[in-house]
Amino acid sequence: MSNAVSGFSKLSKEEKINWIAQQYFSQPEVAVATLKQYWNSDTQLQQLHDEFIENTISNFYLPLGIAPNFLINDRYYSVPMVIEESSVVAAAAKSAKFWSTRGGFKATVINTEKIGQVHFLFSGEADKLQAFFRSVKPVLLNATESITKNMQKRGGGIVSLTLHDKTVDLPQYYQLHVTFETKDSMGANFINSCLEQLAKTLREEAQKYAEFSEAEKDITVVMSILSNFVPNCLVRAEVSCPVEDLAEKKIENPQLFAEKFIQAVRIAEIEPYRAVTHNKGIMNGVDAVVLATGNDFRAVEAGVHAYASKNGTYSSLSHAKIENGIFSFWMEIPLALGTVGGLTSLHPMVKMALEILGKPSAQELMQIVAVTGLAQNFAALRSLTTTGIQEGHMKMHLNNILNQYQATPEERKAITTHFQNHTVSHASVVELIENLRK
């Protein structure tokens, strides 16, 4: 493509598709057919999907899988997971079954506080601004009443409102720092609406404040926005059992396994290069459930990784120990989730996923998501410290390669048999396919 396009958003869906096909594909008719192949045959349902975002041309599928046998706080769950990576759902299900016979997972919501900030510039004396804030704080809160009244009926709303002086870091920079309780809603729109009203009232009240000079009255609001760093919206997930109960087919010496497992966690606690991959494994489980339930996985990712760095160095989210003969494995992570509003009430598959989970509250969903992340981490560390991560993963990856090369049933049988006693790699699979086809 050599030229920019003008008015793309104003084109019809068909026109957008035809333009894309003509500009980027050597066989435009094949591209159009492929895009339309992924449309839903129910036109009303397809329109619903089209209107989730802008400039929609088709649907992009990801698999929805189920990891059963999760025993969480003495209740069984089958956990829906949306992810494209081989072995993740299988690993989660394997961990769930392992711990279901050893007391199951325990999960506790520690807090559900969310945060938003009004970022503004003030050119006068800090003490004068503090005095102004103390006098105007009730007015600021009253100004949000029309926005918060329905949330207050559900037990939520604004929890606290404080003024933060950040001028040491940036000249003239201050914040209105606001904490919220949003109950079963993730609350982004609610929080941002409250913040914008607080900013508007802050500017208006500054204009009327007699102690301010004309220059001081001119408060500059830079932006009003929620924070995805929610270190006080925390959930804890944990498992524990006597060390000897860890024994199974591939764990013949449970004491040695537990000690090696703990060393693997400690390495992730002190080595950022390992910690990033370690925590990515946790997020395989977390993100998959967050996606399935229509929540914002980008916000969750950003908040969780910020939390992993809260002590100044990026570190493991999970921890393990042996104490008095008991093996314990746990983590605390921040999760701002919702079960009402947004896609939760629009997307049919999201509604189905929440139904499978028993229509959980936001706090219950926090527990399920955290447990799935911990289960995923346990599965990865068990593989790493016993057979190695590639044994199970490459068996799953083998199926993807066979699909890529459209292997016949006879070829699949021969190849699967061969790799029962050989290491799977993409090159070795392709070589075997080519030899079988000669």
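Student: What supplies the largest share of the nonpolar patch in this predicted model?

Tutor: Helix α12 does, with 3 residues. The patch consists of Leu64, Ile66, Met349, Met352 and Ile356, which together have about 420 Å² of accessible area. Both β1 (64-72) and α12 (348-356) supply at least two residues.

Student: Why is Ile356 called partly exposed?

Tutor: Ile356, a residue of helix α12, has a relative accessible area of 38%. Buried means under 20% and exposed means over 50%, so a value in between is called partly exposed.

Student: What makes Cys233 a residue in no disulfide?

Tutor: The structure holds 0 disulfides. For Cys233, the nearest cysteine sulfur is that of Cys194, 16 Å away.

Student: Is Cys233 buried or exposed, and how do you know?

Tutor: Cys233 has a relative accessible area of 1%. The limit for buried is under 20%, so Cys233 is buried. Cys241, at 4%, counts as buried by that limit too.

Student: Which residues does Leu335 touch?

Tutor: Leaving aside residues up to four places away in sequence, Leu335 touches Cys233, Val235, Val286, Val300, Met366, Val369 and Ala370. Leu335 is also among the residues with the most contacts inside the largest nonpolar core, which has 92 residues. Helix α13 (residues 362-385) gives the most to this core, 10 residues. A second, separate core has 10 residues, among them Ile401 and Val424.

Student: Why is the pair Glu14 and Lys36 called a salt bridge?

Tutor: Their closest N and O atoms are 3.1 Å apart. The cut-off is 4 Å, so the pair counts as a salt bridge. The two residues are 22 apart in the chain, Glu14 in helix α1 and Lys36 in helix α2. At 35% relative accessibility Glu14 is partly exposed, and Lys36 is partly exposed at 31%.

Terms used
Residues numbered from 1 in each chain as written. Predicted model: local features only at pLDDT ≥ 70, side-chain atom pairs only at ≥ 80, totals over all residues. Heavy atoms only, no water. Disulfide = S-S within 2.5 Å. Buried < 20%, exposed > 50% of the residue type's maximum accessible area, 1.4 Å probe, protein only. Patch = residues over 30% accessible without salt bridge, like charges linked within 9 Å, V, L, I, M, F, W, Y side chains within 5 Å. Areas by Shrake-Rupley, 256 points an atom, 1.4 Å probe, with all protein chains shown as cover. Salt bridge = Lys/Arg side-chain N within 4 Å of Asp/Glu carboxyl O. Helix = DSSP H or I, 4+ residues; strand = E, 2+ residues; numbered from the N terminus. Core = buried A, V, L, I, M, F, W, Y, C linked by side-chain atoms within 4.5 Å. Contact = heavy atoms within 4.5 Å.
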